[in-house]
Amino acid sequence: MNLDTRIKYRHLLCFLEIARQGSLARAADSLSISQPAISKTLKELEDLLEARLFERSRQGVELTPAGTRFMRYAGPSVQALRDGVSSLRGEARAPSQVRIGVLSTVEGLLMPEVLCRLHQRHEALVISVVTGVSAQLLGQLHLGELELVVGRMTDSPQIQGLSFEHLYSESMSLVVRPGHPLLACTPVERGQVGRYPLVLPPVGTTIRQHADSLFVQCGIQMPAQRLETLSLALSRRYLLGSDGLWVAPRDAVLLDLRRGELVELDLGVREPGGSVGICRNAALPLSLPGQWVGEVLREVAGEYREGRYP
C-alpha cells in the first residue's frame, strides 16, 4: 500500500494538535471542527499506519511509543511544507527568522547577551523567544514549532528522541534580601529556614527536583508558605519586599549577588548542579538563523565557563 497517497495533510494537522493539546476535545476546539470529526480523522491515520498513536484516559490522551516516533517526523514535515509555501509567497525576502525556546535557567544571564550579539552581527533577523516549562517547550520542539530549546532540561522525560548538547553546569542557590533576619547568624541556623516564606519553581519542572533535593540534603522541612513560579521578575520583586527565601538558578541571581542586591545563604551544602545546554530535533534540518543562534550560544557559554562573562 502506498501510504504517500493515503495520508493527507489534515491527518498530520489533527495528529499534531491532539499531541499538543493532550485532549481530543481541546484539539477539536483549536481546529474548529467537531470531536467526532477529529476522532474519525485520528482513526483513519492509525488504520493507515497500523499503529495506535495515543493512549486514552479520563485525563486526556498521551502519545504511545509509536506516536512519539511518528511525531519526530510529522512535525518537521508540516513545518517544512509551511516554509515551502512561505518561500513561494515571497516571504523568503523578509528578514530571516528563528523561533527558540528559553527556560528560566538561562533567561536572565546567558540569553540577553546572546540576543544582543546576534543583532549586532545580523542586520535583518527576527528572533522569537518562547518561555515556559521544559515539558511544554520540548513538546513544541518535537512538533517542529521551535528550532532550539536552551536551558537545564536533561531530567525531563520529553527529551527522549531529541539531541542535547552540553554547554556548562549550573547549581541552585538560596538567596535573600540584604538585612534578612537569617543573616544575623553565621553559619545560618538551618532550623530557622522553614519559618520564612519560600520562592521556588513549580512542581513538575526540572529545576524543582533540584530545589527539593537541596532541602532534603540540609534536612529542612518545606515551609507552609510558598510561592511557586518560574518568573524571575516576580521572584526578585517578592524577595526584595519580604523576608522570603528564593531557591534560584545561580545564573538568574549572579549579577544581583555581585551588585549586593541579593545575598546568598550558606547552608554548608552546594547543590551538585545540572547540565545547561542546547536541545534540538535532529529529524529537522537546522535553518541558517538557527545555526547562528547555536554558534553564539557556544561562544558566550565558553566565555562563561572560562570566567570571562559576565
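Helices here are DSSP runs of H or I with at least four residues, and strands are runs of E with at least two, both numbered from the N terminus. Axes are lines fitted to C-alpha atoms, for helices over the stretch in contact, and angles between N-to-C directions run from 0 to 180 degrees. The model is predicted: local features need pLDDT of at least 70 and side-chain atom pairs count only at pLDDT 80 or more, while totals for chains, interfaces and linings use all residues. Residues are numbered from 1 along each chain as its sequence is written, and side-chain values use heavy atoms, leaving out hydrogens and water.

Let's begin with two helices. Helix α1 (residues 9–21) and helix α3 (residues 35–49) have axes that come within 9 Å and cross at roughly 110°. That makes α1 roughly perpendicular to α3, a term for angles of 65 to 115 degrees. Where they are in contact (heavy atoms within 4.5 Å), R10, H11, C14, F15 and I18 of α1 meet I38, T41, L42, E44, L45 and L48 of α3. This contact has seven nonpolar, two polar and two charged residues.

Now to the sheet. Five strands form an open sheet in the order β9-β8-β10-β7-β11, with mixed pairing; strands pair if DSSP finds at least two bridges between them. At the edges are β9 (226–228) and β11 (263–264), each pairing on one side only. Strand β7 (residues 172–176) runs antiparallel to β11, joined by two bridges, and V175 stands opposite E264 in β11.

Helix α9 (residues 206–218) lies across β7, β8 (198–200), β9 and β10 (245–249), at about 130° to β10. Helix α10 (residues 232–240) also packs on the sheet, touching β7, β8, β9 and β10, and its direction makes about 150° with that of β10.

Terms used:
Angles under 35 degrees count as roughly parallel, over 145 as roughly antiparallel, 65 to 115 as roughly perpendicular and the rest as oblique. Ala, Val, Leu, Ile, Met, Phe, Trp, Tyr, Cys and Pro count as nonpolar, Asp, Glu, Lys and Arg as charged, and the others, Gly among them, as polar.
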